[in-house]
Amino acid sequence: MATENHILINLPLAGVDSEHCAIIVDKGLARVPGITAHRVELNNHRAVIETTGDSAVLPGAVKAIRDLGCDVETIKKTLPVLNMSCASCAVSAQTVLENEPGVVSAAVNYANASLLVEYIPTLTDTGKFKTALQGIGYDLVVDETETGKDQLEELQQEHARKLRIKTVAAIALTIPTVFIGMFAMNLPYANYIMWILSTPVVLIFGRQFFMNAWKQAKHRSANMDTLVALSTGVAYLFSVFNTLFPGYWHTKGLHAHVYFEAAAGVIAFILLGKLLEETAKGHTSSAIKKLMGLQPKFVTRIQDGAHVEARINEVRVGDLLLVKPGEKIAVDGVVDSGQSFVDESLVSGEPIPVEKIAGKEVFAGTINQKGSFQFKASRVGGETLLAQIIKMVEQAQGTKAPVQRLVDKIAGIFVPIVIAISILSLLAWLVLGGENGFTHGLLALVTVLVIACPCALGLATPTAIMAGVGKGAENGILVKDAASLERLREINVILLDKTGTITEGKPVVTNLQWLNDDDSSKSALVAIEKHSEHPLAEAVINYLKGVDAVTAHGFESITGAGAKAMIDGQVFYVGNAALLKEHRISIDPGLEKLRAEWQEEAKTVVWFADDKTALAAIAIADTIKASSKEAVAKLRDAGIEVYMLTGDQEQTARAISKQVGITTYKAGISPAGKAEFVKELQQQGKVVAMVGDGINDSNALAQADVSIAMGSGSDIAMDVATITLISPDLVKLPQAIRLSGFTVSAIRQNLFWAFIYNAIGIPIAAGILYPFTGFLLNPMMAGAAMALSSVSVVMNSLRLKSMRL
């Protein structure tokens, strides 16, 4: 029983099935700080711990149990988070959830607005997480049904639509306001016109900045919204006062300046930045949607010999399903009858479809080719390989660090300092300023807040990113976000997928040697291959374009060996060496020598023969891209370790890696294995970039520090990846790394100048020069200085356009 101020937590255990295991777990828990008492109840499969309520105790206890080879029964979920406006919002949301009872870990990702949470289901649930987040102004979507996902998508589309409308409207009203404020101040009723134009911008289109600033203030924190709300709010209210009561300043011998254009301009600039950010983030979930789209919604189920169409969620383990030519396979299973070839690039990444006969496994999301077969479902729903890939990609994306918003982090300190300086300026003038102390003090307060406007800070990163992304696009390099650009220059390991990245990704005939080169043999070979459904047959047909086929009779596909047909009363065979050996067909020593050489180069050898002699040897391979060797050399010269990963066999991997100059490779590796290898390297302190082109690479791409997809590859890979090389040219890789260096330098320079501007401008705005020179900066000059700082940041970013990659 828990003592006063202590609480009891029940941890459901897995894998603790003996007294010895229980003793080990008990000793492990004894070493966790914060646990005041504990016991392991073997019969109830649980551990009971007593704590003082420290939120770090539960994660510590779970880690201790897992480190001992046992486990705690938990649930991991990825859920969408709503209403976040900056990186500090993600930090706030994450902190609240980490302190929720029953939560083992929580990671809120601002970049894709998601929560990856692991919790103990007997202690808490997603409803409690939703309530906790709603308490601090955010929200959580806990409905994981198809309806819930559709509603979320509608909400996101509506938010994007409203943001676009607000941005366009704000800019439309700001342009005339700025024109009047800068060039037409003598216009009759100029102040009232600017007041009318700027009011909707500040109070309607900029309302969320004030609402978010208020939420932050209630929780004793500050962010960019606070700075925007303060600077625009004070400038607007000060301008309204001066418009209505100009005589107050005139009696003191001062002009009643207004700053409506500054207030409206700041709101318009920030809204534009938000729109650009939302546009970039909008594609984050499309990779998951496309993965889900690989599974058909309906299947053909065989019941009592009849074909019945059924929904995918009605399929159960053991059901007999029919797959027709060209259809996607709905669930995992084992072939019961029939024969076909299936495109399994989802699983292996290899371009050559795999033959499926009775007893062979098939997987959800893979695509049947020309044949038809029946199979028994073995894994359905969330248990299929496709479902596991989707889950792994979701979790890998969720655990990534959010896109860094350095400005938001600094604003947490910067804003209170600016407010403090503005108030101190007012107080100092009241005490030391004499009869004009209040007047000068109020002007100094407003000037400090206006000059501290976040335009330069807000533009520092996005302008450099826009210029860098534009430069990349000109050179065939598409960049999805700032984080990947910043991280790319830091990588020290690059993992290259073989098929489609180093190689072209499709089988072609590289060599064809005839025993006797005559047209009749060529015509016979084309005739047989045109009847064949084997994927290598297409490569032969493409190679022998222009050769007319003769009529073939009695075509027969020989499972696992090749095919045969009758042409003009003569039997011809196309297939592997085993087929020739079975029919005692002789092979010329010259052709046999070529076979050995080609197989050493990792090429597939296909034979064409009559009933006595091999007439031709055909070498088929996935050819290496012309730029691969050069790209690998450049990466190694830059001090980057290069690995090759492939699901192909050892001999092929060895031959390909040797040809392109890669010394380390992993052959026969699965999609999960690729992601695991990325994790291993990261645990060694490496910064890892993964380059791939297939769905099977998506797990590793999502796990890597920087993910790069080849534009010639699958849409899924390109959506998961943060960088896409439009052309298949691997030489773009070193160029992308160079682009990263240029862009990060520009961002750092922009931030440096933005802060230098504030460091110099704020003291001058406060009146530090007045005792020595009599100079007091008025808010109008502060607005001009603010504009100049923004222009300088933009001009520095534009330098990227002239950089050579």
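**Salt bridges and a helix pair**

K634 is partly exposed, at a relative accessible area of 39%. Here, buried means under 20% relative accessible area, exposed means over 50%, and partly exposed lies in between, with a 1.4 Å probe and protein chains only. Before I continue, please note that this is a predicted model, in which local features need pLDDT of at least 70 and side-chain atom pairs count only at pLDDT 80 or more, while totals for chains, interfaces and linings use all residues. Residues are numbered from 1 along each chain as its sequence is written, and side-chain values use heavy atoms, with hydrogens and water left out.

Which residue is the salt-bridge partner of K634? The partner is E630, and the closest N and O atoms are 3.3 Å apart. A salt bridge is a side-chain nitrogen of Lys or Arg within 4 Å of a carboxyl oxygen of Asp or Glu. E630 is also partly exposed, with a relative accessible area of 41%. Both K634 and E630 belong to helix α23 (residues 628-637), where they are 4 residues apart, about one turn of the helix. Helices (H or I, at least four residues) and strands (E, at least two) are DSSP runs, numbered from the N terminus.

The structure holds 17 salt bridges. Another one joins D319 and R301, with 3.1 Å between the closest N and O atoms. D319 sits in the loop between β10 (306-311) and β11 (320-323), and R301 in strand β9 (residues 298-303), so this pair ties together parts that are 18 residues apart in sequence. D319 is buried, at 17% relative accessible area, and R301 counts as buried at 14%.

I turn next to E41 and R46, whose side chains meet in a salt bridge of 2.5 Å, N to O. E41 counts as buried at 15% relative accessibility, whereas R46 is partly exposed at 27%. Together with R39, these two residues are linked in a network of salt bridges.

Finally, consider helix α6 (residues 190-205) and helix α7 (residues 207-218), whose axes come within 4 Å and cross at roughly 40°. Axes are lines fitted to C-alpha atoms, for helices over the stretch in contact, and angles run from 0 to 180 degrees between N-to-C directions. The two helices, α6 and α7, are therefore oblique to each other; angles under 35 degrees count as roughly parallel, over 145 as roughly antiparallel, 65 to 115 as roughly perpendicular and the rest as oblique. In α6, V202, L203, I204 and F205 meet R207, Q208 and F210 of α7, where contact means heavy atoms within 4.5 Å.
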